[in-house]
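Subject: Structure for you to look at

Hello,

Here is the structure I said I would pass on. My notes on it follow below.

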Amino acid sequence: MKQNESSLTSLVSAFSRAYHSKYDSPKIFDDFIAIQLLSQQDFHNIQENMVKGIQFFNKEIAEKYKDKPEEILKWITQVQLSPTPLARAAYCESVLQNEISLGVKQYAILGAGFDTFSIRHPELENTIEIFEIDHPSTQQFKVKRLDEVNIKIPSNIHFVPMDFTDIFSYKKLLEKNFKYERTFFSLLGVSYYLTKNEFSSLLEELFSKVPTGSSIVFDYADECLFEEKGLSNRVENMVKMAEASGEPMKSCYSISEMEKVLEKSGLLIYEQLSPYKINEQYFSNRNDYLTAFETIHYIHAVKK
């Protein structure tokens, strides 16, 4: 992973959250800090590139709004880009807040990118230790951004540089004072890009050094991933874009398959949200394009 590639991934994700916070109502997930992590040039460049790409996503929309770039941007962002990142973040943080109220003291974010939870919740600085695990260049980029916009990094953040999709190292976590305590993990937007063996091994390693009651929230694609086209072909487009970027989607699961993977790591499903449930919980009564993404499920699993 090159520096400009890793930072671009983080920037696009931050863009989707920033756009939602700035323009959409009602809010599914209000990351009001995200806009500060984007320079005006970054925001402009991402907008421009998305609008230029409308022919790939939907030729009818391209023709209908050919003189309204702001409507094209809204369509691409709300239909293709934002639904899953927004809803899974909202779900994850609601579970996290409940876990904190139940006494969890550590939060490990795998693939943290430009996550802003600790910055948005300064009241938790002395309550929970947060370990942001991501590629070194992504973390360097984030720290630089925070410094440029004069956002102080909270004392409870511990940056753990690691390409965990290659190999997960508890040694690096322990060097940052990670302890054998009940821990909450998040693993968002990752399972698709790992083989089933890689995903299973990662879960086993994650839960090998934390006590009973530790838990994780992650998203995964069901067995229809490579067959489902989705609204305006967005599922098919997502798979094509991943392939074209050199990071193809590798795995999808039936519910029974996922249960077996979790059982192998000593985990039980506490809650699972299907696309229907996600739509009902996070996208009901809207008057815009935002709807839950087909084939994508969320799970909260707990160590027995």
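Is Ser 232 buried, exposed or partly exposed? With a relative accessibility of 26%, Ser 232 counts as partly exposed. Please keep in mind that this is a predicted model.

Backbone. Ser 232 sits in the loop between β5 and α11 and has a positive phi of about 55°, although it is not a glycine. Asn 285 also has a positive phi, of about 55°, and is not a glycine. Asn 285 is found in the loop between α13 and β7 and is exposed, at 75% relative accessible area. Most residues other than glycine have a negative phi, and most peptide bonds are trans. The bond joining Ser 25 and Pro 26 is cis, with omega about -5°; Pro 26 belongs to the loop between α1 (3-23) and α2 (40-52).

Core. The largest nonpolar core has 39 residues, and Tyr 107, Phe 184 and Leu 225 are among those with the most contacts inside it. Elements that each supply at least two residues of this core include β1 (106-110), β5 (215-221) and β7 (296-303). The most comes from α6, which gives 9 residues. Another core, of 31 residues, lies apart from this one and includes Leu 110, Leu 194, Leu 206 and Phe 207. Leaving aside neighbours within four places in sequence, the contacts of Phe 184 include Cys 92, Tyr 107, Val 217 and His 300.

Cysteines. The count of disulfides is 0. For Cys 224, the closest cysteine sulfur is in Cys 252, 8.3 Å away, which is too far for a bond. Cys 224 is partly exposed, at 32% relative accessible area, whereas Cys 92 is buried, at 1%.

Regards

Conventions: Residues are numbered from 1 along each chain as its sequence is written. This is a predicted model: local features need pLDDT of at least 70, side-chain atom pairs count only at pLDDT 80 or more; totals for chains, interfaces and linings use all residues. Side-chain values use heavy atoms; hydrogens and water are left out. A disulfide is a pair of cysteine sulfur atoms within 2.5 Å. Buried means under 20% relative accessible area, exposed over 50%, partly exposed in between (1.4 Å probe, protein chains only). A nonpolar core is a set of buried Ala, Val, Leu, Ile, Met, Phe, Trp, Tyr and Cys residues joined through side-chain atoms within 4.5 Å. Helices (H or I, at least four residues) and strands (E, at least two) are DSSP runs, numbered from the N terminus. Contact means heavy atoms within 4.5 Å.
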